[in-house]
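Please open the structure in your viewer and keep the selection panel at hand, as this tour goes from one selection to the next.

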Amino acid sequence: MADKILKKLNIVVWRQKDAKSKGRFETYAIENISQGSSFLEMLDILNNNLIEKGIEPIAFDHDCREGICGMCSLYINGHPHGPDTEVTTCQLHMRKFDEGDTITIEPWRSRAFPVIKDLIVNRSAFDQILQAGGYVSVNTGGVPDGNAIPVSHEDAEEAMDAAACIGCGTCVAACKNSSAMLFVSAKVSHLAKLPQGQVEAKNRARRMVAKMDELGFGGCTNTGACEAECPKSISISNIARLNREYLSARFSE
Amino acid sequence: MSKFVFTSVGRKFMMSITGLFLLMFILVHLTVNLLMIFDDTGALYNQGAHFMVSNPVIRIVEPVLGLGFLIHIIWSLIITWENWRARPVRYKKATRSEATSWASRNMFILGGLVFVFLGIHLYNFYIKIKFTGSPLLEEVMVGDTNVHNTYLLVSTLFKESILYCALYIMGGILLGLHVTHGFWSAFQTIGFNNKQWLNRLQWVARIYAVLVAVGFSIIPLYFIIRF
Ligand code: HEM
Ligand code: FES
C-alpha cells in the first residue's frame with residue numbers, strides 16, 4: 001500500500017541568524033509530503049523549496065539518521081524528538097502527523113545550550129561534563145583478559161542500560177528546570193556499576209556534578225519528564241544512584 | 001562542606017532532610033488532633049495537648065521544627081529561583097508532560113499555599129496559646145492537673161465559622177498534594193530508591209497523602225456535621 005500524501009502542512013519554525021541575533025518564529029507552508037518520509041526528510045524538502053525561493057535554509061543538527069549518534073535534536077510540538085516515544089527526531093516519521101497539521105519546531109531551550117543558529121544549539125556543555133569525570137583512566141600495557149574481572153549479569157545489564165544514553169540533551173530540553181541530571185546520572189551509573197569504575201567513583205560524581213552546576217543547568221526536582229521523553233528510556237533510578245554516589249563522596253571528604 | 005548545601009544535589013538534600021522531618025512532625029500533629037473527634041468533652045484532646053507542651057522532648061524539638069520549616073522554605077526559594085533561571089527563553093509550545101504529575105510540577109505553588117495556610121494557622125492557635133492568651137483558654141482540670149482548654153479554642157473556631165472550616169479543609173488537601181510528590185521525591189533525593197522501590201515509595205506516598213488530607217479535613221467536617 002502506498003503511503004498517504006499529506007497535501008499541506010504548516011511549519012512554524014524558530015529562525016535565528018547567529019548566536020548574537022534575536023530570533024523569531026517563521027511560518028512556511030509545505031505541500032505533498034509522503035507519510036512514509038522521515039521528519040528530517042520533510043525538513044530537507046522544505047529547505048530545497050526555501051533555497052529555490054532564495055531563502056536561507058533552516059539549520060538543524062543531524063548525523064547518523066539512525067538513532068545512535070545523538071546529534072539530532074528539535075523540540076517538536078511540545079516534545080523533544082517529537083510526538084513519538086523512544087525515538088530520536090531522525091527516526092520520527094511523517095505518519096505521526098496529519099493533513100493540515102501545524103508543526104511547531106523549536107531548538108532545545110536551556111541557559112547551558114545557547115542557540116548557535118536556527119535550530120542548532122551548542123551542546124558542548126555535555127562534553128565538558130564528560131571531560132570532568134566521565135571516564136576511567138587506563139594505563140597502557142598488554143591487553144587484559146576480559147574474563148579476569150568478574151561482573152554479575154545484573155550489573156552488566158544495568159551498566160549497559162545506562163550506557164545506552166546517546167547524550168542528545170532531551171532530558172535537559174524536557175525538564176522544566178533544564179536539569180542535566182538524567183544525562184549525568186547515566187554517565188556516572190554505567191561506570192559505577194562496573195568494577196573498573198570504582199577506582200575513580202568518588203571524584204567522578206563530585207567533579208561531574210560540580211561541572212554541571214558551573215555550566216548553568218538547573219537542579220532535579222524528580223518530575224520524571226526526562227525519563228518519559230528520553231529516546232533511550234534511561235531510568236530515573238540512575239538519578240537516585242547519582243545522588244547516592246555524590247552524597248557519599250561529599251560526606252567522606 | 002559549606003559550599004555543599006548550595007550545589008544542585010546539596011540544595012535538594014536540604015529540602016529532603018527538612019521535608020522528611022516535617023513529614024514525621026505532621027504525623028504526630030495529626031495523631032494529637034484526631035483526639036478531638038473521639039471525646040466531645042475535650043478532656044482527651046486537652047490531655048494530649050498538655051502532654052505535648054509539657055514533654056521535654058517536644059520542647060527541644062519545637063525550635064528544631066521552626067528551623068526545619070525555615071530551611072525548607074528558604075531553600076525552596078533558592079531552588080525555585082535557580083531552576084527558573086536555567087531556562088531564560090521559554091518554549092512557545094511547552095510539553096504538557098502527561099507522564100509527570102501535576103503536583104511535581106507545582107511544588108513551589110503548593111508549598112507557598114501551605115505556607116499561607118501555616119501563617120493563618122499559627123495566628124489562630126499558636127500565637128494565642130504561646131503569647132497573647134485568650135479567654136477561651138481558661139484552665140480546666142483534667143485528671144488531677146490544670147491544663148489550658150485548647151479544645152475550647154479550637155472547637156469554638158470550627159463551630160462558629162464555616163469559612164475557617166473550609167480553610168482548614170483546604171489546608172489539609174494542599175498539604176496532601178504537596179506530599180504526594182514530596183514523600184517519594186525526598187527518598188529519591190537522598191539516594192534511597194531504585195527500580196523496585198520507586199513504585200513502592202510512590203504508593204506509600206499516596207497512602208500518606210490521603211491519610212494527611214483526609215485526617216486533617218475530617219476534624220472541621222466533624223464539627224460542621226455534629227454541631
Ligand atoms: C508541613 C509542611 C511541609 C511538608 C511536610 C513538606 C514536605 C516536603 C517534602 C518531603 C519535599 C521533598 C523534598 C525532596 O524532594 O527532596 C518537599 C519539597 C518541596 N517543598 Fe515542601 N513541605 C512542607 C511545606 C513547604 C512550604 C511551606 C514550602 C514553600 C513555601 C514548600 C516548598 C517546597 C518545594 C519548592 C519543594 C521542592 C519540590 C521539588 O523538589 O520537587 N514546602 N516538601
Ligand atoms: S541523527 Fe544520529 S541520532 Fe538522530
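Begin with the lining of the second largest pocket, which has seven nonpolar, nine polar and two charged residues; here Ala, Val, Leu, Ile, Met, Phe, Trp, Tyr, Cys and Pro count as nonpolar, Asp, Glu, Lys and Arg as charged, and the others, Gly among them, as polar. A pocket is an open set of points on a 1 Å grid over the protein atoms alone, where a 1.4 Å probe fits and protein lies on both sides within 12 Å along at least five of seven lines, and its lining residues have an atom within 4 Å of a point.

Before you go further, note that this is a predicted model, in which local features need pLDDT of at least 70 and side-chain atom pairs count only at pLDDT 80 or more, while totals for chains, interfaces and linings use all residues. Residues are numbered from 1 along each chain as its sequence is written, chains are lettered from A and ligands numbered from 1 in the order in which they are written, and side-chain values use heavy atoms, with hydrogens and water left out.

Now select Thr223(A), Ala99(B), Ser101(B), Trp184(B) and Gln202(B), which are the closest to the centre of this pocket among the 18 residues that line it. The pocket has a volume of about 350 Å³, the volume being the space filled by probe spheres set on grid points that are joined across faces, edges and corners. Colour α7(B) next, since this helix gives the most to the lining, with four residues; helices (H or I, at least four residues) and strands (E, at least two) are DSSP runs, numbered from the N terminus.

Show chain B on its own, and you will find eight helices and two strands, which run α-α-α-α-α-β-β-α-α-α from the N terminus on.

Bring chain A back and turn to the interface, where 48 residues of chain A are in contact (heavy atoms within 4.5 Å) with 38 residues of chain B. The area buried between the two chains, that is, the accessible area (1.4 Å probe) that they lose on being put together, summed over both, is about 3,500 Å², of which carbon and sulfur atoms give 55%. Select Arg109(A), Arg111(A) and Asn222(A), which supply 18% of the area that chain A buries against chain B, more than any other three residues.

How many salt bridges does the rule find across the interface of chain A and chain B? It finds zero, where a salt bridge is a side-chain nitrogen of Lys or Arg within 4 Å of a carboxyl oxygen of Asp or Glu. Finish on α9(A), from which nine residues come, the largest share of the side of chain A that touches chain B.
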